[in-house]
Amino acid sequence: MNEELEELAARAAGGDQTVLPRLLQAIRPQVQRRVAKFLPYREDAEEAVQDTLLQVANKVHTFKGTGSFAGWVTIVATNQARQTYRSLKRRSVEQSAEVLPESVDPRTTSVIAGSRLDLLEALEALESSHPQLVQPLVLRDLGALSYAEIADELDVPLGTVKARIHQARKAVAERLTVR
């Protein structure tokens, strides 16, 4: 499937629009898995999936083939999931004055959802202070790309990738443990 996917991607990047529906259908499960790692609610994740597939369709011509297409899709999906989170956060702040819950019942609050949101908050904080550290961390720990694939995707030396991931993990861990 990987070879077929890479061939479809190369054809789509070259301008063959006839393969685009097959390509988008083939990557949808991968995109769903990626965005679900960020967004705890199914409806939010589905919004990010749709936006990611639209981005891929509109930007596939920018895929240069230097790294794997799956790695490129991981970057697009990750960025879109984080963008969807930012948008949801903004909407939440705007609406919070109108509708405030009386209290939160811990029995109905998902620990997984809470930890994902904590991670997103930690990534947002890291991005504001050290933006160059976020992408390598996300690609490694959430995207499951190898260090070499990340170096190829970001066009930086392997040692730089390892150093950035180490620094990012340390910063995120500090943020997640301090409460």
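At roughly what angle do the axes of helix α6 and helix α7 cross? The views below start with the whole chain and then come to that pair.

**View 1. The whole chain, a predicted model with eight helices and zero strands.** Helices here are DSSP runs of H or I with at least four residues, strands are runs of E with at least two, and both are numbered from the N terminus. Along the sequence the pattern reads α-α-α-α-α-α-α-α. Of the 179 residues, 36% are buried (under 20% relative accessible area with a 1.4 Å probe, protein chains only; exposed is over 50% and partly exposed is in between). The chain exposes about 10500 Å², and carbon and sulfur atoms supply 53% of that (Shrake-Rupley areas, 1.4 Å probe). Take the contacts (heavy atoms within 4.5 Å) between residues at least 6 apart in sequence: 64% of them join residues at least 24 apart.

**View 2. Helix α6 against helix α7.** Back to the opening question: the axes of α6 (residues 131-142) and α7 (residues 147-154) cross at roughly 140° and come within 10 Å. Axes are lines fitted to C-alpha atoms, for helices over the stretch in contact, with angles from 0 to 180 degrees between N-to-C directions. That angle makes α6 oblique to α7 (under 35 degrees is roughly parallel, over 145 roughly antiparallel, 65 to 115 roughly perpendicular, and the rest oblique). The crossing is right-handed, meaning the near helix is turned clockwise from the far one by less than a right angle. From α6, Q135, P136, L139 and R140 meet Y147, I150 and L154 of α7.

**View 3. Helix α2 packed on helix α3.** Here the axes sit 9 Å apart at an angle of about 140°, which makes α2 oblique to α3. α2 also passes α3 in a right-handed crossing. Residues of α2 in the contact include L20, L24, I27 and V31, and those of α3 include A45, V49, L53 and V56.

**View 4. K37, in the loop between α2 and α3.** The loop runs between α2 (20-36) and α3 (42-59). K37 counts as partly exposed because its relative accessibility is 33%.

**Notes.** Residues are numbered from 1 along each chain as its sequence is written, and side-chain values use heavy atoms, with hydrogens and water left out. In this predicted model, local features need pLDDT of at least 70 and side-chain atom pairs count only at pLDDT 80 or more, while totals for chains, interfaces and linings use all residues.
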